[in-house]
Amino acid sequence: ADESAKASPQPNPAQEDHHMDWWHEAKFGMFIHWGIYSVVGGQYKGQDLPNSAEWMMCRGKVPIAEYSKYAEQFNPTKFDADNFVKMAKDAGMKYMVITAKHHDGFSMFDSVWGEYDVFDATPFNRDIMKELSRACNEQGLRFGFYYSQAQDWHHPGGFGNNWDKSMKKVSSDVYVNEKVIPEVKQLLTEYGPISILWWDTPRDMSPEAFENIYSLSSLQPGIITNDRLGKDYPGDHKTFERHIPDRGPVDQAWEVCMPISGSWGYKKGDNAFKSTKELIRNLADIAHKGGNYLLNVSPTGEGVILPQAQERLKEIGEWMRTYSDSIYGTTASPFKKLDFGRCTKKEFAKGTTLYFHVFDWPSDGKLVIPGLKNEIKQAYLMSDWKQLKVTQDDSGTIISVPEKAPNAINSVITVEVGGQIEIEDTG
Ligand code: H79
């Protein structure tokens with residue numbers, strides 16, 4: 001008799017929620033911050049403003065009338081939606097989330113609300129969201145919108161602008177009813193399949209406003225939302241911004257978003273690009289902890305993703321071409337801490353596959369897996385499928401590895417074990 005079949009209750013597939021399956025499988029996405037702020041790259045009146053460049057309107061206390069004029073300079077003639085999507089795909093990313101409207105209130109699509117958008121107010125005269133949505137669909141990448149639902153420094157009912165005294169404030173309900181609702185409705189009905197709605201920076205609004213905004217997500221069945229609409233709206237996943245938590249939450253889905261450089265929006269002279277090594281290890285670290293990685297790039301006012309970013313995406317893609325099986329569809333490490341690196345896993349009916357992400361290759365040719373009690377079926381280098389010798393004793397499992405690391409950043413060793421994972425706590 002099959003004991004395991006008796007022990008676990010049979011799930012009813014009809015009752016199971018599968019809408020996040022693709023997202024968990026995906027693990028890695030591209031975030032894009034792009035707006036009319038990208039024209040000046042974080043500078044105002046010739047001065048570098050501190051912090052992230054998409055905040056320049058606020059940091060510079062730029063009057064609305066003056067800021068709006070940047071639209072006249074927004075003409076990203078070098079933009080090619082197919083190319084953006086290809087870059088993401090080649091890096092191994094499975095989804096894209098882009099700023100449809102950031103806090104500055106400028107819509108990067110042909111907005112139903114008015115003329116303050118990329119189609120009507122710029123010489124570019126194209127609907128960037130539509131082009132990217134189409135390109136993602138054609139190339140098989142999931143597509144989603146970032147939308148700043150509370151902060152809007154342009155609308156008199158939006159939150160955040162306390163510097164432009166010429167503005168006659170109206171209630172946030174007016175703002176929500178005449179701008180947020182129609183725009184989000186438009187984004188969810190006229191732009192093809194939308195997989196993600198990524199809210200940002202919640203503020204107190206009326207319960208009706210929250211409910212009306214929230215209910216829009218039903219326009220795209222299965223859409224995934226983050227936890228930043230409001231405190232009573234946990235969404236489908238938790239968002240961590242700019243930092244990786246020490247330990248991922250175990251009872252909910254979560255994502256780390258992070259700019260590839262120092263700023264979300266394009267910032268002139270930003271040299272804080274993270275190294276390819278840091279980025280690949282971040283991806284492994286986040287997967288080890290059970291989360292997703294949403295990595296941001298910042299197109300310029302001309303529509304170019306900087307060579308520094310392109311180079312890193314390409315290098316991540318090269319690593320992914322060999323090692324992506326150790327990322328896609330994996331779940332969190334059963335090991336709390338591994339001195340040499342990280343671990344991800346996949347569970348199957350007959351056993352478990354562990355992927356050891358080795359950051360520090362052992363100089364003595366012995367990779368020690370502390371406390372692993374399972375019978376090892378096989379172990380091999382993911383780079384060339386070369387079988388590795390395994391011995392097991394009281395200290396745990398020891399895998400004999402070649403002298404030289406196959407990959408200087410992260411070499412993955414695949415270990416197939418029988419049954420469920422059993423680890424003796426080695427402290
Ligand atoms: O879109 C990106 C940020 O612009 C947005 N979220 C990510 C995804 C964001 N909005 N607010 N915050 C993040 C947190 C606010 C940080 C602040 Fe500041 C610190 C606001 C004022 C001081 C950063 C530093 C922005 C201006 C100075």
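Mentor: The model is predicted, so local features need pLDDT of at least 70 and side-chain atom pairs count only at pLDDT 80 or more, while totals for chains, interfaces and linings use all residues. Residues are numbered from 1 along each chain as its sequence is written, and side-chain values use heavy atoms, with hydrogens and water left out.

Helix α8 spans residues 207-215, and its buried residues are Ala209, Phe210 and Ile213. Seen down the helix axis, these buried residues fall within an arc of 100 degrees, so they line one face of α8; the arc is that of the directions from the axis to the C-beta atoms. Helices (H or I, at least four residues) and strands (E, at least two) are DSSP runs, numbered from the N terminus.

Helix α9 holds Asn282, which is buried, with a relative accessible area of 12%. The side chains of Asn282 and Tyr293 are joined by a polar contact of 3.1 Å, a polar contact being a pair of N or O atoms within 3.5 Å; within protein, one must be able to donate a hydrogen and the other to accept it, and residues adjacent in sequence count only if both atoms are side-chain atoms.

Helix α9 also gives the most to the lining of the largest pocket, with three residues. The volume of this pocket is about 630 Å³. Of its 26 lining residues, His288, Lys289, Gly290, Ala332 and Ser333 are the closest to its centre. A pocket is an open set of points on a 1 Å grid over the protein atoms alone, where a 1.4 Å probe fits, with protein on both sides within 12 Å along at least five of seven lines; lining residues have an atom within 4 Å of a point. The volume is the space filled by probe spheres set on the points, which are joined across faces, edges and corners.

Polar side-chain atoms lie 2.5 Å from a ligand oxygen atom in the case of Glu54 and 2.8 Å from a ligand oxygen atom in that of His102. An N or O atom in the side chain of His103 is 3.0 Å from a ligand nitrogen atom.

Note on methods
Buried means under 20% relative accessible area, exposed over 50%, partly exposed in between (1.4 Å probe, protein chains only).
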